[in-house]
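Hello,

Here is the structure for you to look at. My notes on it follow below.

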Amino acid sequence: MENIISKVSCSLLKVEDGLDDEACELVSGLELSIGEGADSINACLFKAMKNNNGCGILLLSDIFGFEDSSTREFAYRVACNGYNVLVPDLFRGDPWAKDRPKSMFEQWIASQDPQRMANDIAASAKWMVDEFVAAGISKKLGVIGFCYGGGRVIEVLARDQGACFGIGVSFYGTRMDPSIASDIKVPVLFISGDNDPLCPISVLRDIETTIGRGSQVVVFRERGHGFAHRPASPEEDGDAEQAFLTMRNFLNDGLVINN
């Protein structure tokens, strides 16, 4: 295990109004390896150093992988609100690169074995559960995903059926299978834009209805794919902020208060 510790001042992040700056002063980042040998998974753990609420979040990245700056900045910010956030390398060192020809995308995504990825996600979740048990904590986990990772959120929750995870948040999930929604036993927050062809709102509403259990669909008008963690304009910045606050409140009510 390679241990690389870094401390990031939360003054470098957007801290929500009304959140005590002192409670959010430091976040630690730890690069680690889960498992052994060929089955090991690289990951990064972001941990709140003050007012840690004892809750764990598994964050599933978009196609650009766990080392992407937008994903890591979002993970830091979630940790800054008191959480322990684990971001695994879903693509085993082979994320999609922005300079690759788009014509190669389907070939690349087909090379990412779904069963291997499911096993890696399960191993990451087990690692977090084991760490919590060792620390005397029995709280359930939350799972957050963006884009491709957002689509995997419902797969994770359908397989888990409430055993490890108590809540989920899917940002504009792609390649989702609505037929498995009936297996999900916990509430899920779906956040998307109404101008996103990769994540049809009608599909999200059907999944929300099937799951029930306090699930919600929050739609941002005139927003496309990726606006919440990759805002590209001042207008998207505002909606990204609102999306984060919506997620934060959903996690707090469902994971912190009711866990």
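A salt bridge is a side-chain nitrogen of Lys or Arg within 4 Å of a carboxyl oxygen of Asp or Glu. This is a predicted model, where local features need pLDDT of at least 70, side-chain atom pairs count only at pLDDT 80 or more, and totals for chains, interfaces and linings use all residues. Residues are numbered from 1 along each chain as its sequence is written, and side-chain values use heavy atoms, with hydrogens and water left out.

The count of salt bridges is 11. Start with R77 and E241: their closest N and O atoms are 2.9 Å apart. R77 sits in helix α1 and E241 in helix α6, so this pair ties together parts 164 residues apart in sequence. (Helices are DSSP runs of H or I, at least four residues; strands are runs of E, at least two; both are numbered from the N terminus.) R77 is buried at 10% relative accessibility, while E241 is partly exposed at 24%. Buried means under 20% relative accessible area, exposed over 50%, partly exposed in between (1.4 Å probe, protein chains only).

Next, R230. Its salt bridge with D62 has an N to O distance of 2.8 Å. R230 lies in the loop between β9 (216–220) and α6 (234–257), and D62 in the loop between β4 and α1. R230 also forms a salt bridge with D68, at 2.7 Å between the closest N and O atoms. These two residues are 162 residues apart. Shared partners join D62, D68 and R230 into one network. D62 is buried at 2%, and D68 is buried at 12%.

Best wishes
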